[in-house]
Amino acid sequence: MNEIFSGKAPLLHSKYNPQAEASRYLDAVPSIKNPKFIVVTEPGESFLAEELRKRYPKAKICAVRYQGEFYNETDTLWDFCWRPGHETLEHFLFNIIPDEYIPLTVFLPWKPAEKFWPETAGYAWKSIASNIRLQQNIMNTRAAFGRKWLKNIVRNAALTEKIIPFPEISKPPLIVASGASLEDIPDNILENISSGFFICALSSASEFLSSHRINPDICISTDGGYWAGRLFNLTGKTVPAAFPLEAYIPVNVLEENPCVMLNYGSTIENEFFGMFGIRAEKAVRNGTVSGTAAMLFLTKTPGDVFAAGLDLKSGPGFSHARPHPFSPESSGACFRLSTLESKIAEANTGSSLGIYRDWFKHMGKENSARFFRIQSGDGAPDDLGGIKTITFLEAGQRIKKPATVPGTQSITAEPLPSLHMSKRERKEKIIQWLFSCAEKIGGDISIEEFDSGKTEAEILKLYSYRDYIGVLKSFAEGNGGEKKQKEELCSEASQFLKFLGEKLIGNSKHL
């Protein structure tokens, strides 16, 4: 440890032949034949980098440093390099490694570094484990909802009637989630809440707001499940609905409400919006709609963004503010052998709340400095890292003296181009697109095209995410099984696209 305090980099490698030492280390590590990413924790003078390049020329290699002082001259040998003091390691890894490549990623520790920086080493491996859990949760979601998302993309693009730009934000944004703490807000504040804030209702909170005669300025939904459509039951026809194409939106909302398109930036979304001449609002995909809404307003406004009902915690009482479409006492789900108390307990046992809390904890200092959770009542809120929990009175004081980020300017939304394509023309283009993609996918797609990020690859991921990853893993392991798996997946996905096209030809609104 004295070497560190003396300002001299500690020796982490063999004095005699460090390159041979790196080679012997990799010889002893079990690995797949074709990894996509290789992450090495504190590789010191980076002798491993050259050896990794030789053995895995197609892999992206990443160094996770335990400190910010030494070995800077070798950082350029890596495709990516993280050092403490900037963004969290979890956020860094999430941004550089796509979730489908997590099973094809190798994590390697350079063990000599751990005795010099044991605390940072512990943090690094906890962050790696946390990122893997988060990515696995996303992978499970994609596996469960991928085919439904693909249906929703086609359906929403075909049926949406009134596409508008994002409404002008003339007041501080207040994102209203559906946490039970909404019921603690005093009536006199609820009655005047629209006068002080630009109200963004998450779809799950729309029924609560409607019951208090509060008309939100916009309603956001990102959930792709069919049951999510029930959350829009009481949304007024004049309220704009903002959503990504993959979300499930009721037909009446698509046909009657003004709609703001959100774009996660996927290949299919970009192709659709380009084909229709629509410039959609950029959005960030998160495990929770509240995270997507938070990032959206933080990028659209230079000042503070507030949230109410963002409880993100379980407890002995109701998990949602009432009324709510899925409250057990109002959905007819309770009877003598399935009591209200048992339903409440069941609703409060989900593990997803912890994942959502972790996301907000790691949203970054620049964002958390402008994001405030408003909470009434005496209940102690769960910790959200750097995000402060304040009262409505404190929020009002901040509004009177708006806090802006140094160097930012007011953000004026640019108008979206007017649509020159009718709904009928849009539908015809979608049908042509479906049959064209079906023909391409039904042909012989090479493994390079399969893993290219092009439209056909995106469709295959959506159709069966597990099968898609299975093909990549077989190829990476070099067992030769990927050819048959790939052919079966492509054949099934091609038939599915034709099925969707035939549905649209038959004027079905229920894909």
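Residues are numbered from 1 along each chain as its sequence is written, and side-chain values use heavy atoms, with hydrogens and water left out. In this predicted model, local features need pLDDT of at least 70 and side-chain atom pairs count only at pLDDT 80 or more, while totals for chains, interfaces and linings use all residues.

Q: How many salt bridges does a search of the whole structure find?
A: A salt bridge is a side-chain nitrogen of Lys or Arg within 4 Å of a carboxyl oxygen of Asp or Glu. Under that criterion, the number found in the whole structure is 21.

Q: Which residues are linked with Asp75 and Arg83 in a network of salt bridges?
A: Arg83 pairs with Asp75, their closest N and O atoms lying 3.0 Å apart. Both Arg83 and Asp75 are buried, a term for under 20% relative accessible area, with exposed over 50% and partly exposed in between (1.4 Å probe, protein chains only). The network that contains this pair also includes Glu42 and Arg65.

Q: How many residues apart in sequence are the parts that Arg142 and Asp99 tie together?
A: The salt bridge between Arg142 and Asp99 has its closest N and O atoms 2.8 Å apart. Arg142 belongs to helix H5 (residues 118-159), whereas Asp99 is in the loop between helix H4 (89-96) and strand S4 (105-109), so the parts tied together are separated in sequence by 43 residues. Helices (H or I, at least four residues) and strands (E, at least two) are DSSP runs, numbered from the N terminus.

Q: Does Glu456, the partner of Lys440, count as buried or exposed?
A: Lys440 and Glu456 form a salt bridge with closest N and O atoms 3.8 Å apart. Glu456 has 15% relative accessibility and therefore counts as buried.

Q: What is the orientation of H5 to H18?
A: H5 and helix H18 (residues 465-477) have axes 7 Å apart and pack at about 120°. Axes are lines fitted to C-alpha atoms, for helices over the stretch in contact, and angles run from 0 to 180 degrees between N-to-C directions. Angles under 35 degrees count as roughly parallel, over 145 as roughly antiparallel, 65 to 115 as roughly perpendicular and the rest as oblique. The orientation of H5 to H18 is therefore oblique.

Q: Which residues of H18 do Met139, Asn140, Arg142 and Ala143 in H5 meet?
A: Contact means heavy atoms within 4.5 Å. On the H18 side, the residues met by these four are Tyr465, Arg466 and Ile469.
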